[in-house]
Amino acid sequence: MHLIVESIAFSIPKFQLYMCSSLNMYLHAVLLLFLSCLLLPQPTLGTDMAGTPNFTANVAAITNSSFFIAKPGCPLYCGNITVPYPFGFGESRCYHSWFQLTCDTSSDPPMLFLGDSDSNLDVSSISQTQVRVGNIVTVQCYNETGDTIDELSDQGSWMNLGEPGEGLTFSDTANKFTVVGCNVYAWFSWWNEDRDFSTGCLSGCSGNSEVLPGNCTGIGCCQIDIPKGLTEFNASLGMFYRENETEVSSTCSYAFLGEQDHFKFEGKSDFGFPNTDTVESRIMRNVPVVLDFVIGNQSCSDARNSGTWQCHGDDPLCTDSDSGNGGYRCTCKHGYEGNPYLNPGCKDIDECSNATLNNCHENAKCTNTAGSFNCTCRDHYNGNGTMCVPKDSQLSGIKLSLGTYVIAQLIKLASNPISF
């Protein structure tokens, strides 16, 4: 392959410029920079332009999956639910004192409950930062005159996770308090340091055409955020307009706290009596309550200084809780694996031991580093480690020819005046 470069000469009469010394210095700097980029070897970290390790998903999958281990000699499963430490059940050594669970093997499949055998909060899943438990729905149903049907209604629902600072709180980012019904309101109350707090959500209707399925906008369905750090709450329902004075018949209304992404309002059909096809059963089946968990009631720095810090391994990440109740969370950084709450904790992943964990070229050497890896082209190859070509290949020849031409032009400009 030959490259033909043609030059075009032009001039402007009666005008000539000569380079000043500063321009000469600038061109020499450009020349040195170009030479360094062209001629120096280029071993690189196996990263993209943003500095994020390649094959992130594969490494992240190892980091996440390796968290799910129990203490040696302790059960890891209750039915089909994985129970990683600091949670556990059985012997007291199998769990942190605040994260005791109960596995009821009398049911088929076995059911996992929060706390001791007296608990009625069933656990559906545990992640590195959260626990999902079953829901409780407040219900009120009405007859044709708008009076409450007592046998189908309750006086409210209540959930209690224990005292503030004992590890579990209702997630303020994943949950929303929701009321479903026509011309009803729901109270959401909680307690903190001997003080009572309440907020509410009001759902109104004035015509059939207004109640549409979809998002909760206040017409037939209303949602509100909850504050941070809650460990207990009470939900109750009431009417502000008699049902027989509106075109829309809200036979029943419902209030609950639950994971917002798992609930979809289906319109007027959600106002029916409780049965296997109504909104209550759908909530109980599909909309869990999300709990955040942390360790202790100290900050990361206070736990370190007091000798009670429980993040183990090589450089684990410790994050303070923002709930207002204290506590911290331990995680393994990207490129590490293990359960940070159990010894040996977080350990480096050797990305070079598995080709799916790095993006080094087949003609490159992969070198494992703490939390990452380096790719370097082997002898007789050029490239950045993720792409390596033989030094005598056609591509290298083209690169060298272009480099030689550009260098010659820079030298010429640096040593001669420019005429116009």
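A disulfide is counted here when two cysteine sulfur atoms lie within 2.5 Å. In this predicted model, Cys-74 and Cys-94 meet that rule, with sulfur atoms 2.1 Å apart. The count by this rule comes to 11 disulfides. The protein has 420 residues, and 41% of them are buried. Its secondary structure comprises five helices and 27 strands.

**Confidence in the model**

- The mean pLDDT of the protein is 81. A value of 70 or more is reached by 76% of the residues.
- Residues 1-23 have pLDDT below 50. This stretch still has 22 contacts in the model beyond near neighbours in sequence.
- Residues 35-53 also have pLDDT below 50. Here the model shows 30 contacts beyond near neighbours in sequence.

**Overall fold and surface**

- Consider contacts between residues at least 6 apart in sequence: 59% of them join residues at least 24 apart.
- The accessible surface comes to about 22,700 Å². Carbon and sulfur atoms account for 53% of that surface.

**Disulfide Cys-74 to Cys-94**

- The torsion about the S-S bond is -85°, and the link of Cys-74 and Cys-94 is left-handed.
- Cys-74 sits in the loop between helix H2 (56-65) and strand S3 (77-78). Cys-94 sits in the loop between strand S4 (81-82) and strand S5 (101-104). The pair therefore ties together parts that are 20 residues apart in sequence.
- The cut-off for buried is under 20% relative accessible area. Cys-74 has 13% relative accessibility, so Cys-74 counts as buried. Cys-94 has 4%, so Cys-94 counts as buried too.

**Disulfide Cys-141 to Cys-252**

- Cys-141 and Cys-252 are joined with an S to S distance of 2.0 Å.
- The torsion about this S-S bond is about 110°, so the disulfide of Cys-141 and Cys-252 is right-handed.
- This pair links distant parts of the chain, 111 residues apart. Cys-141 belongs to strand S9 (residues 138-141). Cys-252 belongs to strand S17 (residues 252-259).
- Both Cys-141 and Cys-252 are buried.

**Disulfide Cys-201 to Cys-222**

- Cys-201 and Cys-222 form a disulfide, S to S 1.8 Å.
- Its torsion about the S-S bond is about -95°, so the link of Cys-201 and Cys-222 is left-handed.
- Cys-201 lies in strand S14 (residues 195-203), and Cys-222 lies in strand S15 (residues 221-224). The pair therefore ties together parts that are 21 residues apart in sequence.
- Cys-201 counts as buried because its relative accessibility is 3%. Cys-222 is buried, with a relative accessible area of 11%.

**Further buried cysteines**

- Cys-182 is buried, with a relative accessible area of 0%.
- Cys-205 counts as buried at 7% relative accessibility.

**The four-stranded sheet**

- Four strands form an open sheet in the order S9-S17-S12-S15, with antiparallel pairing.
- S9 and S15 are the edge strands, and each pairs on one side only.
- From one strand to the next, the twist averages 15°.
- S17 pairs with strand S12 (residues 175-180) in the antiparallel sense, over six bridges. Within that pairing, Phe-177 has Leu-257 in S17 as its bridge partner.
- Cys-141 lies in S9 and is linked to Cys-252 in S17. Cys-222 lies in S15, while its partner Cys-201 lies in S14.

- S5 and S6 form a hairpin, with six residues between them.
- The pairing of S5 with strand S6 (residues 111-114) is antiparallel and runs over four bridges. Cys-103 stands opposite Leu-112 in S6.
- S6 also joins strand S7 (residues 122-126) through two bridges, again antiparallel. On this side, the bridge partner of Leu-112 is Val-123 in S7.

Terms used. Residues numbered from 1 in each chain as written. Predicted model: local features only at pLDDT ≥ 70, side-chain atom pairs only at ≥ 80, totals over all residues. Heavy atoms only, no water. Buried < 20%, exposed > 50% of the residue type's maximum accessible area, 1.4 Å probe, protein only. Pairing = 2+ DSSP bridges. Axes fitted to C-alpha atoms, helices over the stretch in contact; angles between N-to-C directions. Contact = heavy atoms within 4.5 Å. Areas by Shrake-Rupley, 256 points an atom, 1.4 Å probe, with all protein chains shown as cover. pLDDT = per-residue confidence, 0-100.
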